[in-house]
Amino acid sequence: MLTTPLQSAIADYDKNFFNNWNKVFSEYKTQNQKFWLAGPTSYVFSLKNVRFAVDLQIRREEDIEKLKAQLVSDTDKLSFILITHEHGDHMCVPLMNALKDTDIKWYIPFGAREDYIEKSEIKRENIVWVNPGDYWQIGNIKFSAFYSPHAKPGNEKFLQCG
């Protein structure tokens, strides 16, 4: 049976999850001008001395439970986490809940599964709702939000940021 690149990435992620997680979350704290694939759809960046994650997720809740004691210290250098859209492989409510008491800012598309956000118990002051057309800057990095072809026609809850 042939596997797609995504299926291969997911299988590798599951098999090597803890080693990969520990490598990414130790290296990002000391290295700059680099990014890491933290999972099949998750990235961690260290650019221009700004450290952030995009669509940070952990596929299996049992892995979150196993990492619970170290999650806060692993992510303590992240300035923010950007959620590009509300698909389950981009928005991980159990991880959001595990990080709810941190000071990490969450950039989330306006209107994206507010019921999920509510379940995560993230502090409201740590959520920045973004709309297509919004621009913002963190350190020396500029961001802009825009509609994505990934969206279903007429569904404004999906956007990509870049």
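**Figure 1. Arg-59 and its salt bridge with Asp-14.** In this predicted model, Arg-59 is partly exposed, with a relative accessible area of 37%. Its side chain meets that of Asp-14 in a salt bridge, with an N to O distance of 2.6 Å. Asp-14 is also partly exposed, at a relative accessible area of 21%. The pair links distant parts of the chain, 45 residues apart: Asp-14 belongs to helix H1, whereas Arg-59 lies in the loop between strand S3 (50-54) and H2.

**Figure 2. Salt bridge between Glu-118 and Arg-124.** The closest N and O atoms of Glu-118 and Arg-124 are 2.7 Å apart. Glu-118 is exposed, with a relative accessible area of 52%, while Arg-124 counts as partly exposed at 40%. Elsewhere, salt bridges that share partners join Asp-14, Arg-59, Arg-60 and Asp-63 into one network. The whole structure contains ten salt bridges.

**Figure 3. Salt bridge between Lys-34 and Glu-27.** The side chains of these two residues meet with an N to O distance of 3.6 Å. Lys-34 is partly exposed, with a relative accessible area of 32%. Glu-27 has a relative accessible area of 17% and is therefore buried.

**Figure 4. Packing of helices H1 and H2.** The axes of H1 (residues 5-27) and H2 (residues 61-74) come within 12 Å and cross at roughly 5°. The two helices are therefore roughly parallel. Residues in the contact include Phe-17, Phe-18 and Trp-21 of H1 and Leu-67 and Leu-71 of H2.

**Figure 5. A nonpolar surface patch.** Phe-35, Leu-37 and Tyr-43 form this patch, and together they have about 290 Å² of accessible area. Leu-37 is found in strand S1 (residues 34-39) and is partly exposed, with a relative accessible area of 44%.

Terms used:
Residues are numbered from 1 along each chain as its sequence is written. This is a predicted model: local features need pLDDT of at least 70, side-chain atom pairs count only at pLDDT 80 or more; totals for chains, interfaces and linings use all residues. Side-chain values use heavy atoms; hydrogens and water are left out. Patches are made of residues with over 30% relative accessible area and no salt bridge: like charges are joined within 9 Å, nonpolar side chains (Val, Leu, Ile, Met, Phe, Trp, Tyr) within 5 Å. Accessible areas come from the Shrake-Rupley method with a 1.4 Å probe; for residues, only the protein chains shown count as cover. A salt bridge is a side-chain nitrogen of Lys or Arg within 4 Å of a carboxyl oxygen of Asp or Glu. Helices (H or I, at least four residues) and strands (E, at least two) are DSSP runs, numbered from the N terminus. Buried means under 20% relative accessible area, exposed over 50%, partly exposed in between (1.4 Å probe, protein chains only). Axes are lines fitted to C-alpha atoms, for helices over the stretch in contact, and angles run from 0 to 180 degrees between N-to-C directions. Angles under 35 degrees count as roughly parallel, over 145 as roughly antiparallel, 65 to 115 as roughly perpendicular and the rest as oblique. Contact means heavy atoms within 4.5 Å.
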